[in-house]
Amino acid sequence: MPRLFIPRASTSNQNGNWRGGGRKEEADGQSWWENAAGRMWRKRYSIESNVFISPSSSSSSSSSSSVSASGDSEEEDMGFLEVSVSDVKHPPPELGPMPDGLSPQQVVRRHILGSIVQSESSYVDSLKRILQDYRHPLMEMEPKVLSARKCQVVFFRLKEILHCHSMFQIALSSRVAEWDTAEKIGDLFVASFSKSMVLDVYSDYVNNFTNAMAVIKKACLTKPAFLEFLKKRQMTSPDRVTLYGLMVKPIQRFPQFILLLQDMLKNTPKGHPDRLSLQLALTELETLAEKLNEQKRVADQMAEIQQLTRSVSDRSSLNKLLNSGQRQLLHCETLTETVYGDRGQLIKSKERKVFLLNDMLVCANINFKGQLEISSLVPLGPKYVVKWNTALPQVQVVEVGQENSAYDKDNVVIQNVGAKKHAPASQSSHNKVFLGPPRLFQELQDLQKDLAVVEQITLLISTLHGTYQNLNMTVAQDWCLALQRMMRVKEEEIHSANKCRLRLLLPGKPDKSGRPISVMVVFITPNPLSKISWVNRLHLAKIGLREENQPGWLCPDEDKKSKAPFWCPILACRMPAFSSKALDLQLGAVVHNPVQSSLLGFSAVSTSLPQGYLWVGGGQEGAAGQVEIFSLNRSVPRTVKSFPVASQVLCMEYIPEAGEGEPEQGKAEDSGTAAEQPSAPPPTICLGLQDGSILVYGSIDTGAQCLLTCSSPGLQPVLSLKHSPDYLFAGLQNGTVAAYARNSGGLWDLEAQPSCLEVGTGPVRTLLTLDDTVWASCANHVTVLDVASLKAQQTFEAHPDEEASVTHMIKAGSGVWMAFSSGSSIRLFHTETLEHLQEINIATRTTFVLPGQKNVRVTSLLICQGLLWVGTDQGIIVLLPVPRLEGIPKITGKGMVSLNGHCGPVEFLAVAASTLASDVLKNDKEEEGGQEEKPDGPLPEPCAHDNPPREMRKKGILLQYRLRSTSHLPGQLLSVKEASLPLGGNTLEHSEEDGSIYEMADDPDVWVRSRPCARDTHRKEISSVAIVSGGRGYRNFNPGSKLPACSETDSTLLIWQVPLML
């Protein structure tokens, strides 16, 4: 009879994070769903499950000691009560026959429920197999091949995980039985997986996974009996899954749940009683997965650094640096170091493990030890031998073609083949080694010279009076065309070679005369994506070493600990918002105009800010306005255009051309509209001014010309602008929303009288477009307007205080966060039911930087990459974590506070984002036609599964959020494939299911063995993101910093950069 552990009553911790059945929010607000989830769980647990608590379990652990190992006594100290469950009373959930008369969506939901039941049953069976087929025999085996203490390490917390899911399976069985009458599943996930018990148990398991694999690995190498035991267990299992393949399943579980619930939510119509519960369930699971990811990332980083430290002599300076506790692993990958001969031939090629730490770069040789038969059962890690290490500021990336400007060729010495140390400077003249594409540039220059000579010959041939064989204009033109074709081929060779070739210039030992010598090292990356990743992370790591980023963020959740620079947005630059300093101009608004530039080189793509232009508007109250346009196609923005406008700029809106942005894509099916518009209008930028003017400008690549201009009804100041596919909405000072329709040319018909919608008597401070509606704020109320009919659907109260006007609204997932003109709170509302879900007091965060300052007002909001940016009137910027998926974007932690801010209010926060063109990522094989073969390979694989469409459709959504905490590590990405039988019946290799997360889920040793696969090349998008804040001056809030506490009072822009989303 299996036994369960249920959580004892517990209270909230100091951070406000929930514990036990009902989570207690921090003092600034409490969410209604948490107490409801706790009540529902207790009711369903006590009434439906018929689970009985043993009276002796709370006072004594003797009942469990007979089954547990001596090393398992710690389990009784985790706050769990032992519970006995009868297998007869609680049969596994089973979905009955499908009733008649179901709608197509109900049929799909029923199939998804069946997938949930089947998936959970398979998972519980796998957990039982680990304990019954491996743990119990090992504990009872005589003589012992694995001690009880080591068994505790290997199978740590697996019993508790099984208990958690057995409880969930009991409740799931009850819910399945009543499915055809209730059709609710979301609240069950919320109640089951919002428990601190689940997070604690899974955290322990995930963090211990590396240690468990190390114990198994060592036992395989030193105890043949243990190795033979693993072989026999795998051979006798029906699916040939290894112990490793079973033990990685807990790491896969929550991503699988997320995919299933995403499908369920997609097929749940609005208004369905299960819809809000499903959104809350997605939030809980995503939050749980994010926390586990972060803990795993930290554990893997420590393990990798420890592995590297063990390969260094105890007396070396590098050992002291690695053991100082100040080093953080930003990126590591296996690269191929190459050396070429003077004729361009490949002389040497060897794999190296390259580590990017927060302040140094380390290169190590890789030595594998272990038998092949062992590696098929458990990952075998390498032993590193450090080859060289260099301080990060001295590392320079040199792209092909930049040699002349990057360094003095006479001072560059390349390590010769077979040499253990750098060659002396005296030998550099006769031991030349060419790197990168050998002589490609020289050959291109020779072709250019030859073409010039042939063109001169052509001119001379044209002056001939006689006719001569093979000496006429036709032959001469053929020569020219042939040389031009050869030049194009050479240019393509250079471009292709640059895509996977990482060339680093490192400092070497000075020669006898003391002249500084540099050393060039060339690595071949597995694919262009890897190359871009390395260049980008090297660039940002150097920025992270600047004083303003040491530290750049404060984490109240960690007792005021400073956050590692690379794991937070990095302050890349600060600059004046306006080039003219003669006028005291106030900031009003900012927008990003994304423009892809084909002129950017491969390196610039990796190091520049998001491609495009930043439009900044402002002016003086009651006087003229000013617009400044910055180019972002470089690491530091520069002004490209500046022009005055008639009045102060209050708001701006970027409107992409049809099909470029998501709002435009929503109306793609309107064939009638498409027929009326033969050519889509170009991207435009709309400006709303203090004097009531609305100006429409073309993008900068068309000269930023003013295309349209008009005045608002009654010359009311334009406070906010938003657009839908058919209308441009303007929020006015007098409580009116003006709607301008498109004209026949696709632009806005500003000459015609707009449709005016009255939403109140106060100013319409902010607008928000949501699907087919527009939310308009007036005072402390928000009115929901229907876009099609231009009529109000409903109005709801956003704040109980009539003086607290809604000033900002920002959407994330299925919620909208709002800020107000008074008070320090922000509030969350559901997009469908308009219910108030959460309230957060920002003042509790800012007091960590400015103690005693409790009168805080929120002046700007932004959501980007799972972070809610909050700007305050004190110039402080707060970051709060929010879920990224379709769930409710509730805040579950205290987040971070920036130590870089403004001297006055943060007037605006904006995101600049662009996507790199997919052709940048193509490597040589793809360009030669290999790309056509790659989609054909993976496609047949899912045919063996029952539900291939979900895997193919949802993988990208999940990976996008999984990458946040694992993108710095090498290896393939997480797959959510179901377990499948291996092709060979007697093979001891990992099955497909094992290898699907082989590279990410276990200790870092595994990543060395992994090789790039087709999955990597399918992701053809790279997103570059930067966040812009605007306010008065610049202020550093770090009391220990040498930077001035507050500098300048002119309007200033701060730009934060984050690593490329790969």
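Reader: Hi! Is L834 buried or exposed?

Author: L834 counts as buried because its relative accessibility is 11%, and buried means under 20% relative accessible area, exposed over 50% and partly exposed in between, using a 1.4 Å probe and protein chains only. This is a predicted model in which local features need pLDDT of at least 70 and side-chain atom pairs count only at pLDDT 80 or more, while totals for chains, interfaces and linings use all residues. Residues are numbered from 1 along each chain as its sequence is written, and side-chain values use heavy atoms, with hydrogens and water left out.

Reader: Thanks! Where does L834 lie?

Author: L834 lies in the loop between strand 32 (825-830) and strand 33 (836-841). Helices (H or I, at least four residues) and strands (E, at least two) are DSSP runs, numbered from the N terminus. L834 also has a positive phi of about 65°, although it is not a glycine. Most residues other than glycine have a negative phi.

Reader: Which loop holds R240, and what is its phi?

Author: R240 is in the loop between helix 9 (224-236) and helix 10 (243-247). Its phi is positive, about 60°, and R240 is not a glycine.

Reader: Let's zoom out. How many helices and strands are there in the protein chain?

Author: The protein chain has 28 helices and 41 strands. Of its 1062 residues, 56% are buried.

Reader: And what is the mean pLDDT?

Author: The mean is 75, and 71% of the residues reach 70 or more; pLDDT is the predictor's confidence in each residue, from 0 to 100. Over residues 414-436 pLDDT stays under 50, and the model has 38 contacts for them beyond four places in sequence. A contact means heavy atoms within 4.5 Å. The pLDDT is also below 50 over residues 924-1019, a stretch with 225 contacts in the model beyond near neighbours in sequence.

Reader: Good to know. At what angle do helix 8 and helix 11 pack?

Author: Helix 8 (residues 196-222) and helix 11 (residues 249-266) pack at about 130°, with axes 10 Å apart. Axes are lines fitted to C-alpha atoms, for helices over the stretch in contact, and angles run from 0 to 180 degrees between N-to-C directions. The two helices are therefore oblique to each other: angles under 35 degrees count as roughly parallel, over 145 as roughly antiparallel, 65 to 115 as roughly perpendicular and the rest as oblique.

Reader: Which residues make that contact?

Author: Helix 8 contributes V198, Y202, Y205, V206 and F209, while P250, I251, R253 and F254 come from helix 11. Y202 and F254 also belong to a cluster linked by ring pairs, together with F168, F189, F193 and F257. Rings of Phe, Tyr and Trp (its six-membered ring) pair if their centres lie within 6.5 Å; planes under 30 degrees apart count as stacked, over 60 as edge-to-face and the rest as tilted.

Reader: What lies over the face of F257?

Author: That is R253, 4.1 Å from the ring centre. A charge sits over a ring if NZ of Lys or CZ of Arg is within 6 Å of the ring centre and within 35 degrees of the ring normal.
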